[in-house]
Amino acid sequence: MNLFINACVRDNSRTRILAEHLLKKLEGEITEEKLEGMDFPKVDAAFLKKRDELIETGKFNDTIFIAAQRFASADNIIIAAPYWDLSFPSILKQYFEQINVVGITFAYSKEGIPVSLCKAKRLYYVTTAGGYIASNAYGFGYIEALAKSFYGIPETHFIKAEGLAIAGADTAGIIMNAAEEIDRLFC
């Protein structure tokens, strides 16, 4: 199963269009987590207490763990997130706060090192930006760190189309170049 984590909110999202190009290259079922339509619980003391109690008692069948279970069982992870404010939409961070669950997506070794419980071997991160993506941007670097450190996903791909809103930009050409980059990943 391929898990498509869709953090795009605009109907005409160029990020989503690029992600859909990538999804056509994958074999197997695609399950979409459309983050805009998800109602995430507030991560406060009451939520954390409930979640911790469920984890301690091994009650992983509670509905608050559905997204984490989907993530852990996916063969491939595809994230579509536009580049906003040196990062990605906050709803994607909310998603990771929900799926980062000890006992489902990772565990700790005796030494306190995260050990993956996820099945995925590849993560594709697709983004578009009106300007240029800063080298020290929070977006992909954060996702890649989670993928490799917590989820044990060894192969990460960063697909970007940037400079789309700069005066005189060849928007269609920039998108086409990013689509060709996707095509090369599947040759």
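Predicted model: local features only at pLDDT ≥ 70, side-chain atom pairs only at ≥ 80, totals over all residues.
**Group meeting: a walk through the strands, helices and cores**

Residues are numbered from 1 along each chain as its sequence is written, and side-chain values use heavy atoms, with hydrogens and water left out.

Back to β3. On one side, Leu3 stands opposite Ile77 of β3. Then β3 also pairs with β6, again in the parallel sense and over five bridges, and there Ile78 sits opposite Tyr124 in β6.

So is β3 covered or open? Mostly covered. Five of its five residues are buried, where buried means under 20% relative accessible area, exposed means over 50%, and partly exposed is in between, using a 1.4 Å probe and protein chains only. Asn76, Ile78 and Ala80 point one way from the strand, Ile77 and Ile79 point the other way, and all are buried.

Now let's look at helix α1, residues 14-23. At its start, a side-chain oxygen of Ser13 comes to within 3.3 Å of the backbone nitrogen of Thr15. For reference, a polar contact is a pair of N or O atoms within 3.5 Å; within protein, one must be able to donate a hydrogen and the other to accept it, and residues adjacent in sequence count only if both atoms are side-chain atoms.

The buried residues of α1 are Thr15, Arg16, Leu18, Ala19, Leu22 and Leu23. Seen down the axis of α1, they fall within an arc of 160 degrees, so they line one face of the helix. That arc is taken from the directions from the helix axis to the C-beta atoms. What covers them? The list includes β1 (2-6), β2 (30-34), β3 (76-80), β6 (122-128), β7 (155-161) and α6 (171-185).

Let me pick out Leu23 from that helix. Leu23 has a relative accessible area of 9%. Setting aside residues up to four places away in sequence, Leu23 touches Phe4, Ile30 and Ile78, where contact means heavy atoms within 4.5 Å. Leu23 and Leu3 are 20 residues apart in sequence, and their C-alpha atoms are 9.8 Å apart in space.

Next, the nonpolar cores. A nonpolar core is a set of buried Ala, Val, Leu, Ile, Met, Phe, Trp, Tyr and Cys residues joined through side-chain atoms within 4.5 Å. Which members of the largest core touch the most others? Out of 36 residues, those are Phe71, Ile77, Ile79, Leu92, Tyr95 and Phe96. The elements giving two or more residues to this core are β1, α2 (45-56), α3 (66-73), β3, α4, β6 and α5. Apart from this core lies another one, of 18 residues, among them Ala19, Tyr124, Leu164 and Ala178.

Not counting residues up to four places away in sequence, Tyr95 touches Leu3, Ile5, Glu33, Leu35, Phe40, Ala67 and Phe71.

Staying with helices, Gln98 lies in α4, residues 90-99. Gln98 is buried, at 6% relative accessible area. Beyond its neighbours within four places, Gln98 is in contact with Phe40, Pro41, Val43, Phe47, Arg51 and Ala68.

Last topic: rings. The whole structure has 15 aromatic pairs. Rings of Phe, Tyr and Trp (its six-membered ring) pair if their centres lie within 6.5 Å; planes under 30 degrees apart are stacked, over 60 edge-to-face, and the rest tilted. Tyr138 and Tyr142 are stacked, 5.0 Å centre to centre with 25 degrees between the planes. Phe140 and Phe158 are stacked too, at 4.5 Å and 5 degrees. That pair links distant parts of the chain, with Phe140 in helix α5 (residues 139-149) and Phe158 in strand β7, 18 residues apart. Phe140 counts as buried at 14%, whereas Phe158 is partly exposed at 26%.

And to finish with α5: Gly139, Phe140, Tyr142, Ile143, Leu146 and Ala147 are buried there. They also fall within an arc of 160 degrees, so they line one face of α5. Their cover includes β3, α4, β6 and β7.

How values were computed
Helix = DSSP H or I, 4+ residues; strand = E, 2+ residues; numbered from the N terminus. Pairing = 2+ DSSP bridges.
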